[in-house]
Amino acid sequence: MISQNFTFDSGLFGFFYRILRPIEWLMTYVMVYCHKFLTFIGFSSGPGVAWVLSVVLLVILVRLLILPLFIKQMMAMRKLQAIQPQMRKIQNKYKGKTDQASKEASSREMMKLYQDNHANPAGSCLPALIQSPIFMTMFYVLSAVPYIARGKREPLGAFTLKISKEFEQTQIFGIHISDNLTTAQGAGKIVIVIFIALMCLTMFYSQFHNTRKNMPRASMEGSQYRMQKMMAYIFPVMYIFSGVAFPFAVLIYWLTNNTWNLGQTLWQVRRMPTPGSPAAEEKQARDRVRENSRREKAGEPSLEDEALAKAKEIQERQLESGASHQRQQPKRTKSKRKR
């Protein structure tokens, strides 16, 4: 049973969500037009799977829009991770020094390190900052649907009374997408628990894989590394508590988003690893095998044979240079005698 009043419309939440109202309106229209597109290509209108896929399409659309920001974030994180050993040297240099001059000197050296390496700590946080209000807006909109459908709240954007009723009556895996763990019945509770578990698993593996594979080996020690590993375990656990209260539609949104994140992380670690990381070493090995394969097909010497030939050439030059140098010694001796 839902309460009489939609609590997110009052108090501090009400103030905050009124600020996000333009995004809420836009989000409702995006979902409605996604639904119209899906019914146009053959999905049934009214309550049905088209509404579930509309939520999935919303995630995909949002992630595609912020993809350029993700690429910038990825580049910024690579630069920050690559300079971690130098950052640690500066921190150790001024460790325990609390005087103002030492603090200013430490700050100057850090800024110079960022500038020399074109690294920006804020650049790695921007996509997360943008995604946060979008996710909160999604939570608000999907939580408001049952109230709109029952006439306890005014329509919101494209979510009229009729559309809200269609959305609320949609079922998948035997559960209404507006239900949460407390309102679901029977097997619906098991479905929600499975979704929460998948959310935790995808988030955990995404962070764990990135920490284990995509950090420079020089940074894989100390309290900061242990903290990052700890965060990979703590954040997924927080999903368990928040996921219990979220409507099933929000869980669909969240799981889709986490699955996208996992795919991005796997792609990033494999194709654009941080220099000096285990993933970068594996990529170098893959690139070497691929290049040798190409050379073999083209009838060219392998990278190892080429390196060996160059080493021999350098050695022969050194030997010739040494022999020539030894032959010149008597000449210098004669010159001294003439004087």
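A salt bridge is a side-chain nitrogen of Lys or Arg within 4 Å of a carboxyl oxygen of Asp or Glu. Before we start: the model is predicted, so local features need pLDDT of at least 70 and side-chain atom pairs pLDDT 80 or more, while totals for chains, interfaces and linings use all residues. Residues are numbered from 1 along each chain as its sequence is written, and side-chain values use heavy atoms, leaving out hydrogens and water.

**Exercise 1.** Find the partner of K310 in a salt bridge, and say where the two residues lie.

*Solution.* Step one: K310 pairs with E306, and their closest N and O atoms are 3.9 Å apart. Step two: both belong to helix α13 (residues 303–338), and because they are four residues apart there, about one helical turn separates them. Helices here are DSSP runs of H or I with at least four residues, numbered from the N terminus. Step three: K310 is partly exposed at 48% relative accessibility, and E306 is partly exposed at 29%. The scale is simple: buried means under 20% relative accessible area, exposed over 50%, and partly exposed in between (1.4 Å probe, protein chains only). Step four: E306 and K310 also join E291, R294, R295 and E300 in a network of salt bridges.

**Exercise 2.** Work out which parts of the chain the salt bridge between R153 and D9 links.

*Solution.* Begin with the contact: the two side chains meet at 2.8 Å, N to O. The pair links distant parts of the chain, with R153 in the loop between α7 and α8 (161–169) and D9 in the segment before α1 (11–19), 144 residues apart.

**Exercise 3.** Describe how the rings of F139 and F246 are arranged.

*Solution.* First, the setting: the structure holds 14 aromatic pairs. In the pair of F139 and F246, the centres are 4.6 Å apart and the planes 50 degrees, which makes it tilted. Rings of Phe, Tyr and Trp (its six-membered ring) pair if their centres lie within 6.5 Å; planes under 30 degrees apart count as stacked, over 60 as edge-to-face and the rest as tilted. Next, the location: F139 sits in helix α7 (residues 126–149) and F246 in the loop between α10 and α11 (248–271), 107 residues apart. Both F139 and F246 are buried. Finally, both belong to one aromatic cluster, whose members include F8, F13 and W254.

Key
Helices (H or I, at least four residues) and strands (E, at least two) are DSSP runs, numbered from the N terminus.
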